[in-house]
Amino acid sequence: MKISMQLKYDGDIVGAAAQVTELERAGLDLIWVPEAYGYDAPSFMGFLAARTERVEIGSGILSVYSRTPALLAMTAAGVDALSGGRCHLGLGSSGPQVVEGLHGVPFTAPVTRTRETIEVMRAFWKRDKPVSYEGASVRLPLPEGQGSGLGIPMRLLTPAVRPSVPVWVAALGPKNVRMVAETADGWLPMFFVPEWCDQVWGPALRAGAAARDPRLGPLRISAGGLLAIGPDAARARELARGQLALFIGGMGAPGYNYYHDLVARYGYAKEAETIQRLFRAGDRAGAAAAVPDALLEATTICGPESYVRDRLAAYREAGVTHLQVVPVPRDGESEASVVARLKEITG
């Protein structure tokens, strides 16, 4: 099982790059570079490619509404070339508040748009012929009656380092997860609990796997949580309480919150409603206090080494290929030293 992390780079991005080189030396396998509404991720991914040698570099995530499929394909191919074949392309739909509020693009048919984006990108990466595509949300070239009528099928000018860049998709809803299991190289689920995976996503994962092209290989999964290792490390999981409250209570509009819905499917529907009500009323402390202790423990990896080993076994059993962690250093530790210790535990 490989080790991955999401980079915090909303402040000193040059300092964050130095941190990645330290994490690389500690054994980190994959760094995810987020993109929300601050700096763009691909610029920093290219910078990391020049500053590192081994660690793989992924976008975590780019919205499929923020760029055309062709530009996403070009971006991934460019980072892959700069890094010597170390790029991973993490995609997602985001939500209507960001897509329509920031990008000014209608948030329609997210599952279809993601599927068609993946298909078009892979067609561009093959470079065997100019790309034409007739989809519900993506059409290349523009059909007759739209635009100037002068568009022609095209192919990427430069060859990619690899015939295809690994495509990961952030997904939580059943329809989206089924599409991911069928078409993507990897899956990025947030607040993933290995023991509850089958009850929540099992049918969708199996249906998607049944239609999956064998040439894609098994679906990769990057999931995990806050990580602290030590005799008193269980206390560190409290650091995740506020994030759970934020995502359950404040991410997305009421009635359109993926994380709220996921927690409800985990069996905490009443608690999710309480958290959302308190959070939207401005009582963030109350919302955090309402997060069930069992949910907090299930979505983190904090405890003695024997406990951590048991949790890793559960993630491995659930099919997780990349343990995604947020290291919490204890006295005398650094994030890199926590990663190095975890690398020893995973073997």
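Lys and Arg count as positive and Asp and Glu as negative, while His and the chain ends are not counted. This is a predicted model, in which local features need pLDDT of at least 70, side-chain atom pairs count only at pLDDT 80 or more, and totals for chains, interfaces and linings use all residues. Residues are numbered from 1 along each chain as its sequence is written, and side-chain values use heavy atoms, with hydrogens and water left out.

**Figure 1. Overview of the protein chain, with 13 helices and twelve strands.** Helices (H or I, at least four residues) and strands (E, at least two) are DSSP runs, numbered from the N terminus. The radius of gyration is 20 Å, close to the 20 Å that the globule rule gives for 347 residues, so the chain is as compact as a globular protein of that length. That radius is taken over C-alpha atoms, and the rule is 2.2 Å times the number of residues to the power 0.38. Along the principal axes, the C-alpha atoms fill a box of roughly 65 × 45 × 40 Å. Of the 347 residues, 50% count as buried. Buried means under 20% relative accessible area, exposed over 50%, and partly exposed in between (1.4 Å probe, protein chains only). Contact means heavy atoms within 4.5 Å. Among contacts between residues at least 6 apart in sequence, 76% join residues at least 24 apart.

Figure 2. The accessible surface comes to about 15,900 Å². Carbon and sulfur atoms hold 55% of that surface. Areas come from the Shrake-Rupley method with a 1.4 Å probe; for residues, only the protein chains shown count as cover. The chain carries 36 positive and 36 negative side chains. The centres of the two sets lie 4 Å apart. Each charge is placed at NZ of Lys, CZ of Arg, CG of Asp or CD of Glu.

Figure 3. Arg241 is buried, with a relative accessible area of 10%. Its side chain makes a polar contact of 2.8 Å with the side chain of Glu238. A polar contact is a pair of N or O atoms within 3.5 Å; within protein, one must be able to donate a hydrogen and the other to accept it, and residues adjacent in sequence count only if both atoms are side-chain atoms. A polar atom of the Arg241 side chain also lies 2.7 Å from the backbone oxygen of Val291. Not counting residues up to four places away in sequence, Arg241 touches Ala288, Ala289, Val291, Asp293 and Leu296.

**Figure 4. The buried residues of helix α8 and their cover.** Arg241, Leu244, Ala245, Phe247, Ile248 and Gly249 are the buried residues of α8. An α-helix has 3.6 residues a turn, so residues three or four places apart point the same way. The cover includes α9 (258-280), α10 (284-289) and α11 (293-298). Just after α8, Gly252 takes a positive phi of about 85°.

Figure 5. Thr117 is in helix α5 (residues 110-126). At 1% relative accessibility, Thr117 counts as buried. Beyond four places in sequence, Thr117 touches Val64, Pro69, Leu72 and Leu91. In helix α6 (residues 174-183), the buried residues include Asn176, Val177, Met179, Val180, Ala181 and Thr183. Among the elements that cover them are α5, β8 (167-170), β9 (186-188) and α7 (197-210).

Figure 6. Val325 counts as buried at 1% relative accessibility. Not counting residues up to four places away in sequence, Val325 touches Ile3, Ser4, Met5, Gln6, Gly225, Leu227 and Leu342. Gly249 is 76 residues from Val325 in sequence and 22 Å from it in space, C-alpha to C-alpha.

Figure 7. Most residues other than glycine have a negative phi, and most peptide bonds are trans. The bond from Gly60 to Ile61 is cis, with omega near 15°. Ile61 sits in the loop between β3 (56-59) and β4 (62-63). Another cis bond joins Leu140 and Pro141, with omega about -15°. Pro141 is in the loop between β7 (139-140) and β8. Ser94, not a glycine, has a positive phi near 60°. Ser94 lies between β5 (87-92) and α4 (96-101), and is partly exposed at 25% relative accessibility. Arg127 has a positive phi of about 55°. The loop that holds Arg127 runs between α5 and β6 (133-134). Arg127 is partly exposed, with a relative accessible area of 26%.
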